[in-house]
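This report covers salt bridges, aromatic pairs and one further residue in a predicted model.

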Amino acid sequence: MKESYEGGIRMKKILFFILAVSLTSVILIGCQSSNSENVIVQIAKVSISKSTGFGKVNSDFFVEYVDQEKLGIFSDAITTASKNVGIADMIDPEYDFTVLDPEGNTEGYHLWLGEKGQLSTLMIVRDTHTTYSISENMTDKLIEVIE
């Protein structure tokens, strides 16, 4: 009887270990989500407009870029932006921009452009509950391209 009791305890320990490892793996995989998931990073064209509000891109663009240097600035701003924690409670955005990838897919963004040396804020139009911070360095580059 003692052997079956010890065997049962050993089996419970093994099952607990497997469960703990599985749970830890799921948590770690969930925490590794990237802010660039489902976001266009290879850009063929960027179109910029003054924003008219949340949830849509104003299609009255005041400038469009196709040159690699300027497209690289937008790609870097998007891919290096840090996801902000908490509920997004923002005033209306200053700018909208649309990026077009080489396959013809588009993604719209809202942008709150900071001043030189300040952070800026980015929001994907289809997800108005999440904001991203753009570094001071990237803000300075965006100011040169947009204004």
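Glu 64 is partly exposed, at 45% relative accessibility. Its side chain meets that of Lys 45 in a salt bridge, with 3.8 Å from N to O. Glu 64 belongs to strand E2 (residues 63-65) and Lys 45 to strand E1 (residues 45-50), so the bridge ties together parts 19 residues apart in sequence. Lys 45 is partly exposed as well, with a relative accessible area of 28%.

## Other salt bridges

The whole structure holds 3 salt bridges. One of them joins the side chains of Arg 126 and Glu 107 at 3.0 Å, N to O. Arg 126 sits in the loop between strand E6 (120-124) and strand E7 (132-134), and Glu 107 in strand E5, 19 residues apart. Arg 126 is exposed at 54% relative accessible area, whereas Glu 107 is buried at 8%.

Lys 116 bridges to Glu 144, with the closest N and O atoms 3.9 Å apart. Lys 116 is in the loop between E5 and E6 and Glu 144 in helix H3 (residues 136-146), so this pair ties together parts 28 residues apart in sequence. Both residues, Lys 116 and Glu 144, are exposed.

## Aromatic pairs

There are 4 aromatic pairs. In one of them, the ring centres of Phe 97 and Tyr 109 are 4.9 Å apart and the planes lie at 15°, so the pair is stacked. Phe 97 lies in strand E4 (residues 95-100) and Tyr 109 in strand E5 (residues 106-112). Phe 97 is buried at 3% relative accessible area, and Tyr 109 is buried at 1%. Ring pairs link Phe 74, Phe 97 and Tyr 109 into a cluster.

## Asp 76

Asp 76 is in helix H2 (residues 68-80) and is partly exposed, with a relative accessible area of 38%.

Terms used:
Residues are numbered from 1 along each chain as its sequence is written. This is a predicted model: local features need pLDDT of at least 70, side-chain atom pairs count only at pLDDT 80 or more; totals for chains, interfaces and linings use all residues. Side-chain values use heavy atoms; hydrogens and water are left out. Helices (H or I, at least four residues) and strands (E, at least two) are DSSP runs, numbered from the N terminus. Buried means under 20% relative accessible area, exposed over 50%, partly exposed in between (1.4 Å probe, protein chains only). Rings of Phe, Tyr and Trp (its six-membered ring) pair if their centres lie within 6.5 Å; planes under 30 degrees apart count as stacked, over 60 as edge-to-face and the rest as tilted. A salt bridge is a side-chain nitrogen of Lys or Arg within 4 Å of a carboxyl oxygen of Asp or Glu.
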